[in-house]
Amino acid sequence: MLQHREVDVADADAQAMLTAYFAERAEGFPPEQGEYRPTFPDPAQFAAPAGAFLLVVDEDRRAVGCGGVRRIQRSPEPEQLIRFEVKHLWLAPAARGGGEGRRLLDALEQRARELGAQELVLDTNRSLEAAGGLYRASGFTPIEPYNANPNATDWFGKRLG
């Protein structure tokens with residue numbers, strides 16, 4: 001079983017995982033949507049109390065994935081829930097298929113709860129069918145777009161109770 005380690009998003013292993021993630025997304029991005037536009041995360045947004053960034057590491061402590069959560073604007077009126085966003089959830093191909101994506105998403109949700117989140121949101125691209133399935137199976141439901149991410153086609157949310 002893989003483990004999770006909280007790190008600074010500027011950590012060399014975190015940057016390597018993000019670089020691999022962005023390269024894979026650029027390669028598989030639907031051509032009709034134009035060019036994929038990666039944005040490396042701001043370290044301040046992924047450090048407590050504003051957020052967290054997790055590495056997924058194997059038994060040899062090698063990074064094989066990553067994901068983060070960060071506080072964003074409160075949810076729309078009238079609820080005004082404390083809203084955190086899931087970002088950059090990714091596993092190297094060799095680490096996929098064994099439930100590790102679900103475990104990482106669960107760990108990010110738990111970390112967001114610890115930081116005060118009342119709602120989790122995320123954006124994705126419909127071309128990432130497995131990711132969309134993971135989000136739906138984890139209790140996320142479609143919501144109205146909450147950002148202008150040019151890489152996204154679908155937005156999901158989940159109330160944390």
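I note here that the model is a predicted one.

**Entry: the sheet**

I traced the strands next. Seven of them form an open sheet, and I read the order as β1-β2-β3-β4-β5-β7-β6, with mixed pairing. The edges are taken by β1 (3–6) and β6 (141–142); each has a single partner strand, so one side of each lacks a neighbour in the sheet. I then checked how β2 and β3 are joined. Their pairing is antiparallel and runs over seven bridges. I also noted that L55 stands opposite C66 in β3.

**Entry: helix α1**

I took α1 from residue 12 to residue 28, which gives 17 residues. From first C-alpha to last I have 24 Å, close to the 24 Å expected at 1.5 Å a residue. Which residues of α1 are buried? I listed A14, M17, L18, Y21, F22 and R25. They lie on the same side of α1, because the arc they cover around the axis is only 130°.

I then asked what the buried residues of α1 pack against. The partners are three strands of the sheet, namely β2 (51–57), β3 (63–71) and β4 (83–91).

At the N-terminal end of α1 I looked for a cap. D11 provides one, with a side-chain oxygen 2.8 Å from the backbone nitrogen of D13.

**Entry: aromatic pairs**

How many aromatic pairs does a search of the whole structure find? The search gives seven. I followed up the pairs of F22. I looked up burial for both: F22 is buried with a relative accessible area of 6%, and Y36 counts as buried at 10%.

With F40, the F22 ring makes an edge-to-face pair, because the planes are at 80°; the centres are 4.9 Å apart. This pair also links distant parts of the chain: F40 is in the loop between α1 and β2, 18 residues from F22 in helix α1. Is F40 buried or partly exposed? F40 counts as partly exposed, because its relative accessibility is 40%. I put Y21, F22, F29, Y36 and F40 down as one aromatic cluster.

**Entry: helix α3**

I went back to α3, residues 129–137, and listed its buried residues as A131, G132, L134 and Y135. Viewed down the axis, these fall within an arc of 160°, so they line one face of α3. E129 and A130 are exposed, and the face of α3 that carries them is turned away from the buried side. I then looked for what covers the buried residues of α3. The cover includes β4, α2 (100–114), β5 (119–124) and β7 (154–159).

**Entry: R111**

I located R111 in helix α2. R111 counts as buried, because its relative accessibility is 18% and the cut-off is under 20%. Leaving out neighbours within four places in sequence, I find R111 in contact with E6, A48 and A52.

**Entry: N151**

Where is N151 found? I placed N151 in the loop between β6 and β7. N151 is buried, at a relative accessible area of 9%. I also compared N151 with R37: they are 114 residues apart in sequence, yet 6.8 Å apart in space from C-alpha to C-alpha. Not counting residues up to four places away in sequence, N151 touches F29, Q33, E35, Y36, R37 and N125.

Notes. Residues are numbered from 1 along each chain as its sequence is written. This is a predicted model: local features need pLDDT of at least 70, side-chain atom pairs count only at pLDDT 80 or more; totals for chains, interfaces and linings use all residues. Side-chain values use heavy atoms; hydrogens and water are left out. Helices (H or I, at least four residues) and strands (E, at least two) are DSSP runs, numbered from the N terminus. The expected span of a helix is 1.5 Å times one less than its number of residues. Buried means under 20% relative accessible area, exposed over 50%, partly exposed in between (1.4 Å probe, protein chains only). The arc is that of the directions from the helix axis to the C-beta atoms. Contact means heavy atoms within 4.5 Å. A polar contact is a pair of N or O atoms within 3.5 Å; within protein, one must be able to donate a hydrogen and the other to accept it, and residues adjacent in sequence count only if both atoms are side-chain atoms. Rings of Phe, Tyr and Trp (its six-membered ring) pair if their centres lie within 6.5 Å; planes under 30 degrees apart count as stacked, over 60 as edge-to-face and the rest as tilted. Two strands pair if DSSP finds at least two bridges between them.
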